[in-house]
Amino acid sequence: MRNTFLSLLLLVLSTVIVKADDWGSKGHRATAAIATNYLNKKTQRELEKLLGEETLVVISTYADEIKSYDAYRKYGSWHYVNIAPGLSYAEAEHNKYGDIVMGIEKCKEVLSSKTTSKSDKVFYLKLLVHFIGDLHQPLHLGHAEDKGGNDFQVRWFNDGTNLHSLWDTKMLESYGMSYSEIAENFGSVSKDQYKELTKGSVLDWVTEGQTLAEMVYDSAEIGEKLSYRYQADHIKIVQEQLQKGGVRLAAVLNELFG
Ligand code: ADE
Ligand code: ZN
Ligand code: ZN
């Protein structure tokens, strides 16, 4: 009886404690730090009016910080979209609670409205900065059946984890650079690269991410033990995605405020 109670308690605690962390704070901060370098003067001024002393880096993790509060649960599905392989976003079944595409659309709408309050603008700006980051973690565009790889169990060195968590945080942790070192070393692009990376729409970026997600699914078997070799083969994609996310975040903000 006592054992059953203890097992139940552990089960409940583990479901409460385990929480999806998205790119992880490091990925979101790196994305925001990179974006900061490509904001035009007008955008910088408008952002300062809304955020005061708070930087893009600081607000980039806000959408994860509020996730566990009941009042903000309705934004939970805005961090990702699940699209069946081979289908486009338009063809896919849509989550009635919203997804990352609808979320980004809503944020842009609020931020370009002449009538919304400053506090609403601040709130949706925080969400937008976060969601553009999430859009560049390939498994935020993964399959519904395994919750974007959250149910795809693998081993990472000697620990049990899942493919989603590997791409959100584990590879970045093993890599060991701080968010600012990542921004400094991978954040610089030429004018031509900036143009190339920022063309297209959010839906084009979704299609690009879906292709990457399929590559990530093909990169491991369920239960496989992954370590140095996997890290060496895939960290470059993580770096590129953070660079793209940062540059595109700047472009979205310049378009809205510049
Ligand atoms: N995080 C939580 N659920 C998810 C899902 N279904 N797809 C991607 N990321 C998620
Ligand atoms: Zn995630
Ligand atoms: Zn998120």
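**Close-up 1. W156 faces L226 across a strand pair.** W156 sits opposite L226 of β3. The strands behind this view, β1 (residues 153–156) and β3, run parallel and are joined over two bridges; strands count as paired if DSSP finds at least two bridges between them. This is a predicted model, where local features need pLDDT of at least 70, side-chain atom pairs count only at pLDDT 80 or more, and totals for chains, interfaces and linings use all residues. Residues are numbered from 1 along each chain as its sequence is written, chains are lettered from A and ligands numbered from 1 in the order written, and side-chain values use heavy atoms, leaving out hydrogens and water.

Close-up 2. Three strands line up as β2-β1-β3 with mixed pairing. At the edges are β2 (159–162) and β3 (225–226), each pairing on one side only. Helix α8 (residues 163–175) packs on the sheet and touches β1, β2 and β3 (contact: heavy atoms within 4.5 Å). The direction of α8 makes about 125 degrees with that of β2 (axes are lines fitted to C-alpha atoms, for helices over the stretch in contact; angles run from 0 to 180 degrees between N-to-C directions). Helices (H or I, at least four residues) and strands (E, at least two) are DSSP runs, numbered from the N terminus.

**Close-up 3. The two sides of α3.** In α3 (residues 41–51), T43, E46, L47, L50 and L51 are buried (under 20% relative accessible area; exposed is over 50%, partly exposed in between; 1.4 Å probe, protein chains only). They span an arc of only 120 degrees around the axis, so they share the same side of α3; the arc is taken from the directions from the helix axis to the C-beta atoms. K41, E48 and K49 are exposed on the other side of α3.
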